[in-house]
Amino acid sequence: MKKRICIVEDDRDLREALCMMIQFTEHYELAGSFENAEKALQFLPETEPDAILMDINLPGENGIQCVTKLKNINPDYLVLMCTSYEDDDKIFKSLEVGASGYILKTEGPAKIINALDELFEGGSPMSSSIARKVVASFSKMESQNRLTESLTTREKEILELLAKGQMNKEVANQLDISTGTVRKHIQNIYEKLHVNTRVEAVNLYLKR
């Protein structure tokens, strides 16, 4: 049985091209196409798609907001983001709200079809440049975790208090130590985390 695909894309020419691509692929059929998130949210559930090709830069609500609401309607929707955006924020927000893959429009029809195939095989298809960004981000997170793990219990206590906006004297009073000792601990924290300011230290610690 053919898999039913819905397309959410505001660019008319591209939307029509994607529709033709699906229609000319033997194992897929077009369930519906929508020019904006509002129409998709209203009519897409009626089409009962097996997967959704979703653009991000839509008029009104964007694709990420649309995915969030569609997932609330049906958590089992398979969504493949198909967009021009390569910035980290949009990539991770898309994955965070439930997209199962992220492919660039510039990849071309064959790659998009291959990505859909991979999606139905249980994979998480991504353009190679997107996959590199994801891997790099996880590597950075692991590196940050290793740095914060090197902190002593006292240094972590101090960072927790700094994160609450407390100044050195307040930290010293709460921990019953001198302000000089607090400054020494902060200097050690900077060295271990490879940062130069308390803002950087706190941000890194909170991201662990």
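The radius of gyration is taken here over C-alpha atoms, and the rule for a globule is 2.2 Å times the number of residues to the power 0.38. By that rule a compact globule of 208 residues would have a radius of gyration near 17 Å, but the protein has 24 Å. The C-alpha trace spans about 75 × 30 × 30 Å along its principal axes. The model is a predicted one, in which local features need pLDDT of at least 70 and side-chain atom pairs count only at pLDDT 80 or more, while totals for chains, interfaces and linings use all residues. Residues are numbered from 1 along each chain as its sequence is written, and side-chain values use heavy atoms, with hydrogens and water left out.

The protein has 10 helices and 5 strands, where helices (H or I, at least four residues) and strands (E, at least two) are DSSP runs numbered from the N terminus. Of the 208 residues, 42% are buried, a word that stands for under 20% relative accessible area, with exposed meaning over 50% and partly exposed lying in between (1.4 Å probe, protein chains only). A contact means heavy atoms within 4.5 Å, and among the contacts with a separation of 6 or more, 62% come from residues 24 or more positions apart.

Turning to the sheet, strands of a sheet pair through backbone hydrogen bonds, either parallel or antiparallel. Two strands are taken to pair if DSSP finds at least two bridges between them. In this protein 5 strands form an open sheet with parallel pairing, in the order β2-β1-β3-β4-β5. Its edge strands are β2 (28–34) and β5 (101–104), each of which pairs on one side only. At one end of that order, β4 (residues 79–83) pairs with β5 in the parallel sense over 4 bridges, and M81 stands opposite Y102 in β5.

The cysteines come next. The structure holds 0 disulfides. C6 is in none, and the nearest cysteine sulfur to its own, that of C19, is 9.4 Å away. For C82 the closest cysteine sulfur is also in C19, and because the two sulfur atoms are 12 Å apart, they are too far from each other for a bond. C6 counts as buried because its relative accessibility is 0%, and C82 likewise counts as buried, at 4%.

Which residues of helix α7 are buried? In this helix, which runs over residues 153–163, they are E155, I158, L159, L161 and L162. Seen down the axis of α7, these buried residues fall within an arc of 160 degrees, so they line one face of the helix; the arc is that of the directions from the helix axis to the C-beta atoms. What covers them includes α8 (168–175), α9 (179–193) and α10 (198–206).

L159, in helix α7, counts as buried because its relative accessibility is 1%. Leaving aside residues up to four places away in sequence, L159 touches L151, I189, L193, A201, V202 and Y205. L159 and Y205 are 46 residues apart in sequence, yet 7.5 Å apart in space, C-alpha to C-alpha. H185 lies in helix α9 and, with the same exclusion of sequence neighbours, touches R154, E155, I158 and I177; at 18% relative accessibility, H185 counts as buried. Helix α7 is followed by G165, whose phi is positive, near 90 degrees.

Conventions
Disulfide = S-S within 2.5 Å.
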